[in-house]
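Hi,

Here is the structure I promised to pass on, with my notes below it. Have a look at the model first, then read on whenever you have a moment.

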Amino acid sequence: MFTYQSMKTPIGHLFIVEENKKLAHIFLNEKSFREFQIQHSLQNKKTALLTEAASQLEEYFLGKRRQFDLPLNMHGTPFQQKVWEALCTIPYGETRSYQEIAIQICHSKAVRAVGQANKANALPIIIPCHRVIGKNKQLTGYAGRQIDKKAFLLDLEKAYYHK
């Protein structure tokens, strides 16, 4: 069973979804959340985990939190999970290129696949796919072309990229 909670943030409403006492999804826009909601039975309910996730996200947006400490339910292929694990090693305020992530996971030619794994990340912000940028330090796609949100998150972290 899925439970969810929404919260207001500087980048808009986030919809936080829990599955089996683990964080399963964070939706950055209502349209994606509503599509998920149609496919799954969801209860709008405050749980201890959702409350803690909202609290940690609020601390992040206030600049008081650099890492998250939440149980995660990461559904994906072994390749995607490798990419997501690599994303979690990018320190707050730093960026990596898609190519650097591909090299880190020992798949140096899989740059586009790394991009697709980033796109499939169901836990943005928590798994910091916003910290992955082009090798020329330019911003590239984020959460369905929401580059303004990626820029906001990188600016919040004072990360370097070409504006």
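This is a predicted model: local features need pLDDT of at least 70, side-chain atom pairs count only at pLDDT 80 or more; totals for chains, interfaces and linings use all residues.

By class, 11 nonpolar, one polar and three charged residues make up the lining of the second largest pocket. The space inside the second largest pocket comes to about 220 Å³.

Next, the annotated site. An unreviewed UniProt entry puts the feature "active site" at Cys-129. Cys-129 sits in the loop that runs between helix H5 (111-119) and strand E6 (132-133). Is Cys-129 buried or exposed? Its relative accessibility is 5%, so Cys-129 counts as buried, the cut-off being under 20%.

The unreviewed UniProt entry also carries the annotation "domain: Methylguanine DNA methyltransferase ribonuclease-like", which covers residues 4-73. That span is 34% helix and 33% strand, and its end C-alpha atoms are 14 Å apart.

One residue I looked at in more detail is Leu-50, which belongs to helix H2 (residues 48-61). Leu-50 counts as buried because its relative accessibility is 0%. What does Leu-50 touch, leaving aside neighbours within four places in sequence? Its contacts are Thr-3, Tyr-4, Gln-5, Ile-16, Val-17, Glu-18, Leu-23 and Lys-45. Take Val-17 from that list: 33 residues separate Val-17 from Leu-50 in sequence, while their C-alpha atoms are 7.5 Å apart in space.

Best wishes

Methods
Residues are numbered from 1 along each chain as its sequence is written. Side-chain values use heavy atoms; hydrogens and water are left out. UniProt positions are given in the numbering used here, feature names are shortened, and annotations may be inferred rather than shown by experiment. Helices (H or I, at least four residues) and strands (E, at least two) are DSSP runs, numbered from the N terminus. Buried means under 20% relative accessible area, exposed over 50%, partly exposed in between (1.4 Å probe, protein chains only). On a 1 Å grid over the protein atoms alone, a cavity is a set of points where a 1.4 Å probe fits but cannot get out, and a pocket is an open set with protein on both sides within 12 Å along at least five of seven lines; lining residues have an atom within 4 Å of a point. Grid points are joined across faces, edges and corners, and a volume is the space filled by probe spheres set on the points. Ala, Val, Leu, Ile, Met, Phe, Trp, Tyr, Cys and Pro count as nonpolar, Asp, Glu, Lys and Arg as charged, and the others, Gly among them, as polar. Contact means heavy atoms within 4.5 Å.
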